[in-house]
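Subject: Structure handover

Hello,

Here is the structure for you to look at.

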Protein chains: 2
Amino acid sequence: MKTAIRIGMLGMGTVGTGVAKMLTANAEGIRQKTGVPVELKTVLVRTPTKTRSFSAPVQFTTDFREILEDRDIDIIVEVMGGEEPAKSYILQALKAGKHVVTANKDVMAKYGRELFEAAEASGVDLLFEASVGGGIPIIRPLKQCLAGNKIQEVMGIVNGTTNYILTKMTGERADYATVLAEAQAKGYAEADPTADVGGFDAARKIAILASIAFGTRLTVNDVHVEGITRITPYDIEYAGELGYAIKLLAVARDTAKGVDVRVHPAFIPLTHPLAAVSDVFNAIFVKGDAVGETMFYGRGAGEMPTASAVVGDIIDICRNIRHNVNSRILCTCFDNKPLCSVEDVESPFYIRLLVADKPGVLASIAGVFGTQKVSLHSVIQKRKIGDRAEIVLLTYRVPEANMNLALYNLNKLPVVAQVSNIIRVVASDF
Amino acid sequence: MKTAIRIGMLGMGTVGTGVAKMLTANAEGIRQKTGVPVELKTVLVRTPTKTRSFSAPVQFTTDFREILEDRDIDIIVEVMGGEEPAKSYILQALKAGKHVVTANKDVMAKYGRELFEAAEASGVDLLFEASVGGGIPIIRPLKQCLAGNKIQEVMGIVNGTTNYILTKMTGERADYATVLAEAQAKGYAEADPTADVGGFDAARKIAILASIAFGTRLTVNDVHVEGITRITPYDIEYAGELGYAIKLLAVARDTAKGVDVRVHPAFIPLTHPLAAVSDVFNAIFVKGDAVGETMFYGRGAGEMPTASAVVGDIIDICRNIRHNVNSRILCTCFDNKPLCSVEDVESPFYIRLLVADKPGVLASIAGVFGTQKVSLHSVIQKRKIGDRAEIVLLTYRVPEANMNLALYNLNKLPVVAQVSNIIRVVASDF
């Protein structure tokens, strides 16, 4: 029986520091649960001499092989982020027979299959609860608690930065650029915010969740992605008037036409539990054939919440080591389901148009929609802007192909000055 | 390697029928995840000849030993409910080396320690995800995902019947008796509703959750319990005016004075995520030192949601059987923490009083509170009723011992006709 389980960690940024703090502060509770002391032995860093907010007897190294080749280390925790060298290190660790815990959505959303195959071949564990939703338990609930269900839908707010921006835009009626600058000043958004505001971070997370939920391998490249940069305070105001909040949603559905997986801003009814998820909080809504609707809510990022998920995975692996079991639950992508084209996805739509303010305009617009079989749920004439009028439309559910054709024809109408915005409506009853 | 894993089930009521349906409908998905067919072989029932909504090649028996002594059966699923004979059957099953999955909160909240000891001695698993929150994943998240945290608080709406009644009372301004009768007619409340409306069902569930969260064994007898029978439409109306919802809350906190665990109606701010949990939905709020605030939401009862949790446990045990591991995670009550007396618990309080409608009354009431160091946050004079007036008070945070003394002295004041109700305020900022 081992007298201690030792960890090598790759990276000592925000999450790594949180993991180190937690392993120290809650050492006794962790020892009780695992039956053995769990020690952080060596950490891979760029600058070993740097002053750190965490102090404990840990070795720093700049050489990955010092961790990889240390037979004393059972578990390698990867919290450096980004694709490379993280992916190569994880792969080498698995091949060397080390269990791996990672918080890395970029790697898991792109190289999941390859890494699981390496873990299986070596008979080790690969856990990644922290890669989606920060501290929110979601991977293990999907893989275990809800494993008896056919999961039909996973839908969530999985990016804190964009949710913070949209919440502020809603509360303060401020425009996107102003709020983004404020978020950057507070450290909630990065200097280059593209990964967050462009929807790519959320796309990686929904690729991971959908793969587990539907049992078929999806990568980030399978996700249809739109960001929040085109959302204006007007859209948010009209959404509120109509009874909706605007959120950046990651949506995945297992449909008869294939797996539909996308990230985009969406109107969501104010009565829906996701509408109340504000600021940097995340929430993931899961619908299964037996369980019905469930939701998981919490802090989707940050030092300690993310560390919570990493340490939960470490404890799980320690329990496996103590019970001489491994690879108990690895890849669960047993199927190979086709993708559904976004053109085939049906939604109601919100459309904001700038049109000539004269009689007969509405009739020509309605005519264009009618030709493409788009039924209008409601039409609201809003602000006057010079000799033009702003019109806001909500449609009934319609395939995107039809909507795209309608928009194409709408843009050709002389009375339509501009299609200002178009946003999908999710979870409505029409 | 086993060619199939076979299940014996005790009971074929609502949950048992759901389990049987799910094992049949999702057999292929379950086989993929466990690597082996999972078959329901024998079911213990009262009347084997009864017509059932479920049809599959299953043996029915009235003799428990036919399941207990069947060497072909690896897992016994207990879904009969109630304390006996369920508890004896579970114990015999564990002693006979059968893995057990149970949905039985009554048994787990009272005999958890004894059953875990038997499981450990026999080297088998005992899983009980369905005993709290129906289909909501909560036991496994607490035992695994959040295992690295010091959990500080668990707070939830864990009884669907009372939440349905309170939601209806709020939406329809109807009184308790009317809504209860309606709930009974719809099958949402039992003919004898005591276990639900008296708070005892919720008490069992919070005893189970608190034991896991704080790592110390609590039984239902450790829980301070108050039900919802004294809640009136007036209280609900005043709560709404003041910005609160009234919910039957199960609360457990790990405090410096000991473990505080109780079930009672509570004012909860409308801005709190639990305030929006309506009808038969359940939600459990967990606060950990690293993860911060998380919430788990879903259907807390019903045939298929509860079956979802049972089948999740079955799959987990099948994975253990396939990997030759057992008792990987059993009892996690490693500590022995003292209980905190409810007298020591501090809350703000809502108090509704009927008093004489004349000058100086408020001064005498305020005097009584002042003597017991109860500070008043707000005082609102409400309805006139004949020559009396109804007064609604919100206090600042105060120990219950002080509040009880204040109420005792208040009742002795000649100007106080009646203390109509007193309800704790939870999660407020004062």
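**A hairpin and its neighbours**

In chain A, a hairpin of two residues links β9(A) to β10(A). Keep in mind that this is a predicted model.

Strand β9 covers residues 244-255 of chain A, and it pairs with β10(A) in the antiparallel sense over twelve bridges. To see one pair, find I246(A): its bridge partner in β10(A) is F267(A).

Is β10(A) mostly covered or mostly open? Mostly covered: of the twelve residues in this strand (258-269), ten are buried. A residue counts as buried here if 20 or more other C-beta atoms lie within 10 Å of its own.

Strand β8 (residues 224-225) of chain A pairs with β10(A) in the parallel sense, over two bridges. There, H224(A) stands opposite R262(A). Strand β18 (residues 416-425) of chain A also runs parallel to β10(A), joined by two bridges. In that pairing, A266(A) has R424(A) as its bridge partner.

**The open sheet**

Now move to another part of chain A. Six strands form an open sheet there, with parallel pairing, in the order β3-β2-β1-β4-β5-β6. Which strands stand at the edges? They are β3 (59-61) and β6 (126-127) of chain A. Each has a single partner strand, so one side of each is left without a neighbour in the sheet.

Strand β2 (residues 38-44) of chain A pairs with β3(A) over three bridges, in the parallel sense. L44(A) has T61(A) as its bridge partner in β3(A).

**Domains**

- Domain 1 is 5-135 + 303-322.
- Domain 2 is 139-299.
- Domain 3 is 343-425.

How far apart are the C-alpha centres of domain 1 and domain 3 of chain A? They lie 51 Å apart.

**Where the chains meet**

Next, chain B. The contact takes 48 residues from chain A and 48 residues from chain B. Four elements of chain A give two or more residues each to the side that touches chain B: α2 (27-34), α6 (139-145), β12 (292-299) and α12 (303-322). Which one gives the largest share? That is α12(A), with ten residues. By type, this side of chain A divides into 24 nonpolar, 15 polar and nine charged residues.

The two chains also pair strand to strand. β12(A) and strand β12 (residues 292-299) of chain B run antiparallel, joined by three bridges. Find Y297(A) and you will see M295(B) opposite, in β12(B).

**Symmetry**

Finally, compare the two copies. Chain A superposes on chain B by a rotation of 180° with 0.0 Å of shift along its axis, at an RMSD of 0.0 Å. That is the relation of a two-fold axis. Which C-alpha in chain A is nearest the axis? It is that of F296(A), 2.5 Å from the axis. The same surface serves both copies, since 100% of the contact residues of chain A recur in chain B.

Best wishes

Terms used:
Residues are numbered from 1 along each chain as its sequence is written. Chains are lettered from A and ligands numbered from 1 in the order in which they are written. This is a predicted model: local features need pLDDT of at least 70, side-chain atom pairs count only at pLDDT 80 or more; totals for chains, interfaces and linings use all residues. Two residues are in contact if their C-beta atoms, placed from the backbone, lie within 7 Å. Ala, Val, Leu, Ile, Met, Phe, Trp, Tyr, Cys and Pro count as nonpolar, Asp, Glu, Lys and Arg as charged, and the others, Gly among them, as polar. Two strands pair if DSSP finds at least two bridges between them. Domain bounds come from an automatic or database domain assignment. Copies are superposed by least squares on the C-alpha atoms of residues with pLDDT of at least 70 in both.
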